[in-house]
Amino acid sequence: MKDVLAVVLAGGKGSRLEPLTRDRAKPAVPFGGIYRIIDFTLSNCLNSGIRKILVLTQYKAMSLARHVTNGWRHLLCRELGEFIDVVPPQQRIDEQWYQGTADAVYQNIYTLEQERPKYVVILAGDHIYKMDYSKMVAYHIENGADLTIGALRVTPKEAREFGVMEIDASRRIIGFEEKVPNPKTIPGDPDHCLASMGIYVFNAPFLFDQLCQDATLPESAHDFGRNIIPSIINTHKVMAFPFQDENSKQDAYWKDVGTLDAYYEANIELTAVDPLLNMYDYHWPVRTDQPNLPPPKFVFDENSGRRGEAHDSIVAAGTIIAGGHVTRSIIGPKSRVEERAEVTESILFSGVHIGKGAIIRRAIIDKNVFIPDGAQVGVDLEADRRRGFEVTEKGIVVIPTIDGSEALFSR
């Protein structure tokens, strides 16, 4: 893997996750209490033996850059040729923002060439899954491929949101369609399609040639799925690599938490007794920035109801459950739930303060929000809308970081 360079595309706006992405990039959105979404891709890289990583950012990248700097750079040794670098748009080639996934890599082609890799692994920084990329690189080399694409079995309905591959008996890709209403199913399996995971292994010289050719085409969207891949499948060897999950569960786990409802459900699933995503699997650890905080604390043990307790929940470091009740929820670091407050099926980010007697149901509350004593969230959705809070199709209330949030509850 010393000849492999990983490029993590982490510059998307994540507009479907607003207001959580109002002040941060999608890969920097918290997940599972202490993690950020990008931690899963970066952990896959380290666990796979990849020690040269470029993270390409674009929109609202400050918190993402800080997270990578604080939580990841110390794991790699520059003197040994290892690094993880956050690369903002440098506009060496073009003065525009990145126009597509291929353009994002092309505008940083100088940085890639400086590292002289033999293989380039291109990854998205906004999916939740565990995968050993070294197996995919080995498969790519064994098959003498120019490009290998990670492949995921999905239903035809789900496939409408993906690039869909058609393969022959050797798994060579012979057709590729991007987000079509009637995607082709797998031969012999009419219930599934073969979708691109947005994970690519390229021979480095081949990648550079294709990026330069695509950059000269004014009609191109400069996107791997829409332009690069369809243009080469008939002239070069492009292989499909079936997703091999490292999650140590019977069913494979891969999530695109691209909407508020999908994000909420993926988080709340973690509070189950035996969730599909195994976060306690020490053979494939998920790393993150771990600030120096005291352990969580549960105080008061009174039969009158003033009892700090949490059931079927994840409670992060630095949090105090001060006489409140937490059920099937995720409580982020440095939060506080006061006496007789009730938090049910909710996600609290860092530094959230729930006042005395407050009731929180099926909500996502961004960092440092204060919910005043006696306030209710998720109980009357129309009242939540009048306060200006986002309410999703499935009735999840989303409260962004906002100064003076307590004043909104007087409406």
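Figure 1. The model is predicted, so local features need pLDDT of at least 70 and side-chain atom pairs count only at pLDDT 80 or more, while totals for chains, interfaces and linings use all residues. Residues are numbered from 1 along each chain as its sequence is written, and side-chain values use heavy atoms, with hydrogens and water left out. Helices (H or I, at least four residues) and strands (E, at least two) are DSSP runs numbered from the N terminus. H7 covers residues 204-215, 12 residues in total, and spans 17 Å from its first C-alpha to its last. This is close to the expected 16 Å, which is 1.5 Å times one less than the number of residues.

**Figure 2. The nonpolar cores.** A nonpolar core is a set of buried Ala, Val, Leu, Ile, Met, Phe, Trp, Tyr and Cys residues joined through side-chain atoms within 4.5 Å. The largest one holds 42 residues, and Leu-42, Ile-53, Leu-123 and Met-131 touch the most other members. Strand E11 (residues 193-203) gives the most to this core, with five residues. A second, separate core has 38 residues, among them Val-7, Val-87, Ala-102 and Phe-224. Leaving out residues up to four places away in sequence, Leu-123 touches residues including Val-7, Leu-9, Tyr-129, Tyr-133 and Ile-199.

**Figure 3. Strands E9, E10 and E11.** Strand E9 (residues 163-167) and strand E10 (residues 173-178) are antiparallel and pair over five bridges; two strands pair if DSSP finds at least two bridges between them. E9 also runs antiparallel to E11, joined by two bridges. Val-164 has the bridge partner Glu-177 in E10 and the bridge partner Ala-195 in E11. The hairpin of E9 and E10 has five residues between the strands, and there Arg-171 takes a positive phi near 75 degrees.

**Figure 4. The open sheet of six strands.** The strand order is E16-E19-E22-E25-E29-E28, and the pairing is mixed. Strand E16 (314-315) and strand E28 (390-391) are the edge strands, each pairing on one side only. E28 pairs with strand E29 (residues 397-399) in the antiparallel sense over two bridges. Val-397 in E29 is the bridge partner of Val-391.

Figure 5. The peptide bond from Glu-18 to Pro-19 is cis, with omega near 10 degrees. Pro-19 lies in the loop between strand E1 (4-9) and strand E2 (30-31). In the loop between H4 and E6 is Arg-116, a residue other than glycine with a positive phi near 50 degrees. Arg-116 is exposed, at a relative accessible area of 74%. Glu-345, also not a glycine, has a positive phi of about 45 degrees. Glu-345 sits in the loop between strand E21 (342-344) and strand E22 (347-348), and is partly exposed at 23% relative accessibility.

Notes. Buried < 20%, exposed > 50% of the residue type's maximum accessible area, 1.4 Å probe, protein only. Contact = heavy atoms within 4.5 Å.
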